[in-house]
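Please view the sequence and the model together while reading.

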Amino acid sequence: MRNVQKILESMGWELLQSTPLSGGYAASLFALTLRDEHGKRIEAVYKRFDPARIAELELYRTLLPEVPHAVPAVYGVIDCAGEQGLILEHAGVPVKSVFAKRDRAGQREMLRSLVDLLASLHLALLEKSEQWLAEGRVSTYPFESSAEWAETAVQELAWLAEQGMPGVHEETVREVQNMTAAFYPRYPEWAVGRLTYTHGDPHLENILWQNGQFRLIDWEWACVSLPQRDLAILLQDVLDDELHEEALEVFQRLLNPDDPVQFRRAFCACLFDNTLMMLGWEIGKFRNGFLQADELNEILAAKLRWLRTTFHNCLNA
C-alpha cells in the first residue's frame with residue numbers, strides 16, 4: 001500500500017483502512033476507506049494489475065473518459081516500476097447478487113435496463129470507434145483467440161467427465177468437440193455485421209449497481225467488435241431462456257440493424273463462442289473452490305443446451 005499512500009498524500013487524502021478482497025479475480029483488489037482533503041470519508045477500491053495484464057490502465061487514461069456515465073470515477077493512478085493500478089470509486093455491488101434475489105418480473109426489468117445500457121454505449125461509440133481504429137488507438141476482436149479458449153473449455157469438460165460429474169459423460173465431451181470443430185472454421189463467416197467499440201466482458205459480476213445506477217468495470221478486453229458479443233456475455237449469468245429471447249428482441253430493436261436475420265445469426269455465433277469460453281471458466285472456478293457443485297450443475301445444464309441450440313441456429317439461419 002506504500003504507493004497508494006504516496007498518491008493519496010499528494011492529493012491531501014488519507015488511507016484509513018485497506019482490506020484484501022478474494023474471489024478468483026485476475027487482478028489484486030483491495031477495499032479502501034479514505035478521508036479526502038475536506039475530512040469526508042470515502043469508500044474506494046484499489047485494483048492492482050497483474051504485470052502482464054495492464055491494458056485497462058491505458059484505457060482509463062484515454063478512451064473511457066468518453067463514457068464517464070458508464071465507468072467508476074478514478075481517484076488515483078499508480079504507474080511506477082513494479083506496480084500499476086487504479087484507485088476507483090466504490091460504485092456499488094455486482095449486479096449478479098442483486099439480480100439473483102429478484103423475482104422474475106424484477107429480473108426482467110433489470111435486464112432491460114442493462115440491455116439499454118449496452119445499446120446506448122454501442123451507439124454512442126459507433127462513429128468514434130471508426131476514428132480510433134484509423135488512428136491505431138484500438139484493435140478489433142481477435143477471432144483466433146476464441147479457438148484457444150474453446151480448447152481449454154473442452155479440456156475442462158473432459159476433466160469433469162473423469163470426475164463423474166452428473167450429466168457430463170464421454171459422449172457429452174465428444175459432442176462438444178464435434179460442434180467446436182465444425183463451428184470455429186465458420187465463426188468469422190457467421191459473426192459479421194456493423195462493428196462498434198465494445199466492453200468485451202460485461203457479465204453480471206463486471207457490472208456494479210448502486211442506487212439505480214450501473215457502472216461497468218474490468219475493461220481489459222474492450223475492443224472494436226460486434227455489439228452482439230457484449231449481449232452474449234451479459235446473458236451468461238442469466239439461465240432463463242425466455243429472458244434471453246426478450247433481451248435479444250430489445251437489443252435488436254434499439255440497434256435497428258439493416259439485416260435482422262444476419263444480426264440474429266451473428267448473435268447465435270457470439271453466444272456459442274462465449275458460452276463455451278465461460279463454461280471452461282466456470283469449471284475452473286469449481287476446481288479452485290469458488291463455485292459449489294449444485295451451482296455448476298445448473299450452469300452446465302443451461303450452457304450445454306445453449307451450445308446445442310446456437311450451433312443448430314448458425315447452421316440453419
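An angle between axes counts as roughly parallel under 35 degrees, roughly antiparallel over 145, roughly perpendicular from 65 to 115, and oblique for the rest. This is a predicted model, in which local features need pLDDT of at least 70 and side-chain atom pairs count only at pLDDT 80 or more, while totals for chains, interfaces and linings use all residues. Residues are numbered from 1 along each chain as its sequence is written, and side-chain values use heavy atoms, with hydrogens and water left out. Helices (H or I, at least four residues) and strands (E, at least two) are DSSP runs numbered from the N terminus.

**Helix H9 against helix H11**

- The axes of helix H9 (residues 227-234) and H11 come within 8 Å and cross at roughly 50°; axes are lines fitted to C-alpha atoms, for helices over the stretch in contact, and angles run from 0 to 180 degrees between N-to-C directions.
- H9 and H11 are therefore oblique to each other.
- H9 passes H11 in a right-handed crossing; a crossing is right-handed if the near helix is turned clockwise from the far one by less than a right angle, and left-handed if anticlockwise.
- Contact (heavy atoms within 4.5 Å) joins Gln228, Arg229, Leu231, Ala232 and Ile233 of H9 to Phe263, Ala266, Phe267, Cys270, Leu271 and Asn274 of H11.
- By class, this contact of H9 with H11 has eight nonpolar, two polar and one charged residue, where Ala, Val, Leu, Ile, Met, Phe, Trp, Tyr, Cys and Pro count as nonpolar, Asp, Glu, Lys and Arg as charged, and the others, Gly among them, as polar.

- The crossing of H6 past H11 is left-handed.
- The H6 residues that meet H11 include Trp149, Leu157 and Leu160, and their H11 counterparts include Met277, Ile283 and Arg287.
- The contact of H6 with H11 comprises eleven nonpolar, three polar and three charged residues.
- Helix H7 (residues 170-183) packs with helix H11 (residues 260-287) at an angle of about 135°, their axes being 12 Å apart, which makes H7 oblique to H11.
- H7 also passes H11 in a left-handed crossing.
- From H7, Val176, Met179, Thr180 and Phe183 meet Ala269, Phe272, Asp273 and Leu276 of H11, and these residues divide into six nonpolar, one polar and one charged.

- In helix H5 (residues 126-135), Leu126, Ser129 and Trp132 are buried, that is, under 20% relative accessible area, against over 50% for exposed and in between for partly exposed (1.4 Å probe, protein chains only).
- Exposed residues Glu127, Glu130 and Ala134 sit on the face of H5 turned away from its buried side.
- The cover over the buried residues of H5 includes helix H4 (104-124), strand E7 (196-198) and strand E10 (223-225).
- Helix H2 (residues 55-62) has Glu56, Leu57, Leu59 and Tyr60 as its buried residues, and they lie on the same side of H2 because their arc around the axis is only 165°.

**Ala91 in a loop**

- Ala91 lies in the loop between strand E5 (83-89) and strand E6 (93-94), and counts as buried at 3% relative accessibility.
- Leaving aside neighbours within four places in sequence, Ala91 is in contact with Pro72, Leu208, Trp209, Gln210 and Arg215.

Terms used: Arc of directions from axis to C-beta.
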